[in-house]
Amino acid sequence: MRRPGLKSIWAVLLAAVLLLGAGLPVHARPGFFNRDTGSAAKPLPSSAPSGKLQEVAPPGAVQQLRQNLQRHHPSLRLSDPSNDSIVSSDALELRFEIEDWPLSSDPELGLGPHVVLQIDNRAPLRLSESNGNLLKVRIDGLEAGSHRFSAWAAYPWGEAVQSPGASIQGRLHLWQKLQGTQPERDAPWLVPVSPAGEQGLQPLLVDWLIWNAPLQNLREGDGRWRLRISIDGDSFLVDHQEALWLKGSNGSNRHDIQMELLNGLGEPITPVFNNQLIHLKAPAGPKPGWMRPHLTESQLARLSGSPEPEALEVVESPPEPPQKAEEKQQEKTELPRELPQVEIKIEKEVEDEIKTQPEADPKPTAPEESEEQKPEPPLAEEPSKAEVALPTPPTPAQEKPAEPQQPAEQEPKLMPSSSLGGSARELLNSDGRLRKP
């Protein structure tokens, strides 16, 4: 026997299943990132560059510039028009404000710190001139409808600064919005970052920005997204936003870099916006300054937008008045005329001092000459006579310097007959001989 209510119940259940099936996502939707895959699924592991690709250190000049620019913390924002606004014009004029980023460009060394603007998948625009902290750029040739843009502070070699506030993204609409032509406000989307000059220089810079990508690797097994990078046929997976320097063996120096944003299981996420290809042409002309192995202090200042050391000295010492400059010039010209007179005077005083120094003290020669003129040798054997026969010579007069003949005139004063006295005199006869006891 049929139950009339059973058929209606099955009809209701079947309709519910169909409705639920139609609502399930086929591919990644905004915020998909493995949310519906279940906890048992393991994320795809990341991998290192393989094949002909090899990760290397950046050039020496890049390391110098990065260290010199670390003290800056750029801040970029869109001032006009506001994000997600409708512009009723054939041309799009954008105004940005940049803080704490020294924009510069050197005619010899190339582009310094700058700001990059990219609209949709168009070629990037590099801005290195500002009016104070205001950047102004006009975009012509845009079709009517919705457009997305990205802007970021960039190093001289083109790498995006990853610090907070250094990059922005948004949407603008010419004449009116077109739904479905751009990612939603909270949807993830990928922006490849090309090296400055868009040339295939070795080593090769590989960089990118991913908007609305969730944090991952905070704990084991929480991988939410992967980026597949393919360069000239060799592929690898990364799970973090950090620029790479790669070296390959492509003889043509032309490179095709493909980037695909995937979820943790390797499935594509909205590939219409997240499967991008950039083509780097062969290098032409001289290499930019940041490709050098080393920069001098002057080159480092010019390429990083800092004042040169010579320029600092000119600013600190302002020009002197003409009158003071003439006085200094006269002093410089008169100074050499006085120097020889001072030197001659000093040399003369030194010569006089050297001449008078050995003659001022007659002690070394007086005793020897007096001993040679003694009449009888036996007197030298008497101890008491030796003690008495060493009188202090008279001090020479200070007014006149000692003359060479003066020691000879003093020799008679050292004779025993005129110098003995007291008990020692009584021991001698009138002829100078010892008196017998």
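In which sense do β12 and strand β13 pair, and over how many bridges? The pairing of β12 with β13 (residues 204-211) is antiparallel and runs over five bridges. This holds for a predicted model. Within that pair, Val 193 faces Asp 207 of β13.

The two strands belong to an open sheet of four. Its order is β1-β16-β13-β12, with antiparallel pairing. β1 (54-55) and β12 (189-193) are the edge strands. Each has a single partner strand, so one side of each lacks a neighbour in the sheet. In general, strands of a sheet pair through backbone hydrogen bonds.

Helix α2 spans residues 60-69. Its buried residues are Ala 61, Val 62, Gln 64, Leu 65, Asn 68 and Leu 69. Viewed down the axis of α2, these residues fall within an arc of 160 degrees, so they line one face of the helix. They pack against two elements, β16 (244-247) and α4 (297-304). β16 is also a member of the open sheet, placed between β1 and β13 in the strand order.

The largest nonpolar core contains 42 residues. Leu 92, Phe 96, Leu 117 and Trp 290 have the most contacts inside this core. Two or more residues each come from α2, β2, β4 (92-99), β7, β9 (134-139), β10 (145-154), β11 and α4. Phe 96 illustrates the packing. Neighbours within four places in sequence aside, Phe 96 is in contact with Leu 76, Arg 77, Leu 78 and Ser 79, among others. Its contacts also include Leu 117, Asn 133, Leu 134, Leu 135 and Val 137. Phe 149, Ala 151 and Ile 168 are on the list as well. Another core lies apart from the largest one and has 20 residues. Among them are Val 206, Trp 208, Phe 236 and Leu 261. In soluble globular proteins, nonpolar side chains tend to be buried together.

Two cis peptide bonds were examined next. One joins Asp 80 and Pro 81, with omega at about -10 degrees. Pro 81 sits in the loop between β2 (75-80) and β3 (86-87). Another joins Gln 202 and Pro 203, where omega is about 0 degrees. Pro 203 lies in the loop between β12 and β13. Those strands are the pair joined by five bridges.

Positive phi values were found in residues other than glycine. Asp 120 has a phi of about 55 degrees. This residue is in the loop between β7 (114-119) and β8 (125-127). Asp 120 counts as buried because its relative accessibility is 16%, under the 20% cut-off. For Trp 175, phi is near 75 degrees. Trp 175 belongs to the loop between β11 (167-174) and β12. With a relative accessible area of 46%, Trp 175 is partly exposed.

The mean pLDDT of the protein is 75, and 61% of its residues reach 70 or more. Over residues 312-317 the pLDDT is below 50. That stretch has one contact in the model beyond near neighbours in sequence. Residues 377-391 also have pLDDT below 50. Here the model shows seven contacts beyond near neighbours in sequence. Where pLDDT is low, the predicted coordinates should not be read in detail.

How values were computed. Residues numbered from 1 in each chain as written. Predicted model: local features only at pLDDT ≥ 70, side-chain atom pairs only at ≥ 80, totals over all residues. Heavy atoms only, no water. Pairing = 2+ DSSP bridges. Buried < 20%, exposed > 50% of the residue type's maximum accessible area, 1.4 Å probe, protein only. Arc of directions from axis to C-beta. Contact = heavy atoms within 4.5 Å. Core = buried A, V, L, I, M, F, W, Y, C linked by side-chain atoms within 4.5 Å. pLDDT = per-residue confidence, 0-100.
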